[in-house]
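This briefing covers a pocket, a ligand site, a loop residue and a cavity. Please keep the model open while reading.

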Amino acid sequence: MQTKSAFVAIVGRPNVGKSSLLNCLVGEKVAIVTDKPQTTRTRITGVLTDKETQYVFIDTPGLHKPKTRLSDYMNRQVNESVADVDVALLLTEPVGEITNAEKELVKSFQNTGIPALLLVNKIDLLEQKEEMLTKIAAFSQLFQFDAVIPISVLQRDGVDIVMQELARYAEEAPHFFPDDTLTDQPERVIAAEIIREKLLLHMRDEIPHGTAVTIERMKERTDSGKEIIDLEAVIYCERDNHKGMIIGKGGAMLKKIATDARLELEDFLEIKVNLQCWVKVKEDWRNREGYIRNFGFQ
Ligand SMILES: Nc1nc2c(ncn2[C@@H]2O[C@H](COP(=O)(O)OP(=O)(O)OP(=O)(O)O)[C@@H](O)[C@H]2O)c(=O)[nH]1
Ligand SMILES: [Mg+2]
């Protein structure tokens with residue numbers, strides 16, 4: 001069988017639904033999703049092998065105005081991803097002005113010569129579909145997209161059309177990953193991300209942006225004849241008062257976060273999980289190279 005492959009970058013500003021789309025395309029949750037902007041911090045690869053064709057999707061952090069070293073790192077991930085693929089998917093929301101970040105992304109398509117599709121996501125939120133025409137017209141003035149596709153990832157509307165379009169970019173090549181691969185992320189990283197997702201979902205204001213999660217221990221053992229994984233995680237935050245809020249009154253908030261995370265981890269790892277979470281303060285870690293690297297951003 002002659003195999004084909006296509007590398008596809010998923011880009012856009014924060015919170016437009018890039019990771020949701022990745023999960024939808026791959027058919028499994030490989031990237032965390034929250035309603036907070038800047039949820040994704042690094043490149044996440046999702047793989048879909050459909051008969052002879054393998055699609056390698058690269059979910060990226062939302063491009064934004066950098067305020068910390070971590071932001072610089074995140075934005076760099078986006079630019080490097082665009083340079084490396086066969087086609088880019090630019091996600092945007094149906095209404096509102098084109099942002100500077102979006103203009104920058106269009107420029108990167110022009111500079112690299114990479115073709116792009118414009119995906120107008122969240123059309124389920126529109127009362128009338130015509131509302132998105134202004135946005136589409138404005139984007140079309142900036143760049144000649146190979147296709148413009150209105151979609152709703154939430155309702156899986158239009159996603160099949162995206163796949164049909166993407167088939168055009170697949171070129172004869174060996175598959176880069178084994179055919180049953182879903183993601184390049186190790187289990188440990190996914191576990192930390194699941195905990196961070198629950199943390200983000202429960203926290204507000206500036207706390208989510210200043211948190212990171214590491215897995216200090218992940219070890220399987222047998223307990224009364226049953227397999228169980230002991231998982232120890234550390235949640236880092238930037239201030240003492242943030243630590244107080246994450247832990248909550250009498251530890252109630254941390255318990256809520258840890259319980260939500262444990263349930264999803266058990267589902268994901270298909271084994272009973274004993275999860276312990278600690279909270280530590282590392283002031284201004286987002287600007288400190290050593291910590292950024294320790295937390296896996298390099
Ligand atoms: N109504 C609606 N909401 C959506 C749709 N797709 C995604 N969302 C929501 O939009 C929010 C952001 O989704 P993400 O997938 O995390 O967005 P992202 O672009 O990866 O965000 P960053 O990683 O922060 O750049 C979440 O609350 C999603 O549930 C959609 O089609 N319709
Ligand atoms: Mg994301």
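A pocket is an open set of points on a 1 Å grid over the protein atoms alone, with protein on both sides within 12 Å along at least five of seven lines; a cavity is a set where a 1.4 Å probe fits but cannot get out; lining residues have an atom within 4 Å of a point. This is a predicted model: local features need pLDDT of at least 70, side-chain atom pairs count only at pLDDT 80 or more, and totals for chains, interfaces and linings use all residues. Residues are numbered from 1 along each chain as its sequence is written, chains are lettered from A and ligands numbered from 1 in the order in which they are written, and side-chain values use heavy atoms, without hydrogens and water.

**Largest pocket**
- The lining of the largest pocket counts 28 residues, and Thr-42, Gln-185, Pro-186, Val-189 and Gly-296 lie nearest the centre.
- Its volume is about 610 Å³ (the space filled by probe spheres set on the points, which are joined across faces, edges and corners).
- Two or more lining residues come from each of β2 (44-50), β3 (53-59), α6 (187-202) and β8 (212-223). Helices (H or I, at least four residues) and strands (E, at least two) are DSSP runs, numbered from the N terminus.
- With five residues, α6 gives the most to this lining.
- Domain 1 (4-172) and domain 2 (187-294) each supply at least three lining residues; the domain bounds come from an automatic or database assignment.
- By class, the pocket lining has 15 nonpolar, seven polar and six charged residues. Ala, Val, Leu, Ile, Met, Phe, Trp, Tyr, Cys and Pro count as nonpolar, Asp, Glu, Lys and Arg as charged, and the others, Gly among them, as polar.

**Ligand 1**
- Ligand 1 is surrounded by 23 residues (each with a heavy atom within 4 Å). The closest are Lys-18, Ser-20, Gln-38, Thr-39 and Asp-124.
- The shell divides into 11 polar, seven nonpolar and five charged residues.
- A nitrogen atom of ligand 1 sits 2.7 Å from a side-chain N or O atom of Asp-124.
- An oxygen atom of ligand 1 is 2.8 Å from a polar side-chain atom of Thr-40.
- A polar backbone atom of Val-16 lies 3.1 Å from an oxygen atom of the ligand.
- Alone, ligand 1 exposes 660 Å², and the protein buries 90% of that (Shrake-Rupley method, 1.4 Å probe).

**Glu-93**
- Glu-93 belongs to the loop between β4 (87-92) and α3 (100-112).
- Its side chain makes a polar contact with the side chain of Lys-122 at 3.0 Å. Another joins the side chains of Glu-93 and Arg-13 at 3.2 Å. A polar contact is a pair of N or O atoms within 3.5 Å; within protein, one must be able to donate a hydrogen and the other to accept it, and residues adjacent in sequence count only if both atoms are side-chain atoms.

**Cavity**
- The structure holds one cavity of 30 Å³ or more.
- The largest cavity has a volume of about 50 Å³.
- Residues lining the largest cavity include Gln-38, Arg-41, His-209 and Arg-286.
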